[in-house]
Amino acid sequence: QRVIITDGIENEQIPDVLARVITQYKMAEDFLPDYMGRLSGFSRNVMGISLSYNQWGREEMQHSLGLGLILVSTGHKTPEQLTEEYMKNLERTWEVPFSTMRMLVIYGALQERNTALAYRAIKEKAHAEGAPITAEILELIEQDEAYHGGGYRSFERAYYDYDPQGTLYDVESVARNYRLPAQNLHPNPKQAVRDVIRVGAFSRELVVDETIYKTLLGFGFVPKDLARDIADNW
């Protein structure tokens, strides 16, 4: 089990833009009650996914705690501010973007890879700013997201074995309509987009090539030319 020693993180300094991006990702992570509550019904009768989903929620909960630790330790937030922002967050709700478990698994595979790549970018920004403990926390979250993405890809391959034609149809439908989770829930969306671009956590290449195209190829059953067409026309 990996243990991160956080002694000394209070001496690290990160720029305001990076703190805002970390706050933005914490906000998305804090919709976990919505993710769990709304999706549990979809997975109820799919035993393997249901069991793994509860574990997923437990692991995802740690992400918000880690991001909060960074923000408080580096002096960008107080614990009281984090609590206030969390409660303010609850005034908005996240809604399920697709209507079936199979489509939601596809979406999960895309979203987890996208999020892992974003955390990689802000981790590298923290390293460049001389904040190694902050970067180590972000790296752990990045690895977690990547691991979760691999799990969703495995589930989708099982769906394909059962129903190849229907699964491929759903993959194309979800990928062509992919959007980041909670991107429409940020209280200041224009500022949020500018910030993630500045720290390298969002670009068309990251979404088109690194997320959509590579996730589709990672399923192992999507033809390469179809994957390329879907990605290029996103």
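## Salt bridges in the predicted model

Lys88 and Glu91 form a salt bridge in which the closest N and O atoms are 3.4 Å apart. The structure is a predicted model. Of these two partners, Lys88 is partly exposed at 46% relative accessibility, whereas Glu91 is exposed, with a relative accessible area of 57%.

Side chains of opposite charge can pair when their charged atoms come close. In this model the count comes to 18 salt bridges. Three of them are set out below.

| Salt bridge | Closest N and O atoms |
|---|---|
| Lys88 and Glu91 | 3.4 Å |
| Asp163 and Arg102 | 3.0 Å |
| Glu139 and Lys123 | 3.9 Å |

Asp163 forms a salt bridge with Arg102, with 3.0 Å between the closest N and O atoms. Because Asp163 lies in the loop between α6 (132-162) and α7 (164-176) while Arg102 belongs to helix α5 (residues 101-128), the pair ties together parts that are 61 residues apart in sequence. Asp163 is partly exposed, its relative accessible area being 27%. Arg102, at 16% relative accessibility, counts as buried.

Glu139 pairs with Lys123 in a salt bridge whose closest N and O atoms are 3.9 Å apart. Glu139 is in helix α6 and Lys123 in helix α5, so this pair ties together parts that are 16 residues apart in sequence. Glu139 counts as partly exposed at 26% relative accessibility, whereas Lys123 is buried, with a relative accessible area of 11%.

Glu139 and Lys123 also belong to a network of salt bridges that links them with Arg120 and Glu142.

Definitions and conventions
Residues are numbered from 1 along each chain as its sequence is written. This is a predicted model: local features need pLDDT of at least 70, side-chain atom pairs count only at pLDDT 80 or more; totals for chains, interfaces and linings use all residues. Side-chain values use heavy atoms; hydrogens and water are left out. A salt bridge is a side-chain nitrogen of Lys or Arg within 4 Å of a carboxyl oxygen of Asp or Glu. Buried means under 20% relative accessible area, exposed over 50%, partly exposed in between (1.4 Å probe, protein chains only). Helices (H or I, at least four residues) and strands (E, at least two) are DSSP runs, numbered from the N terminus.
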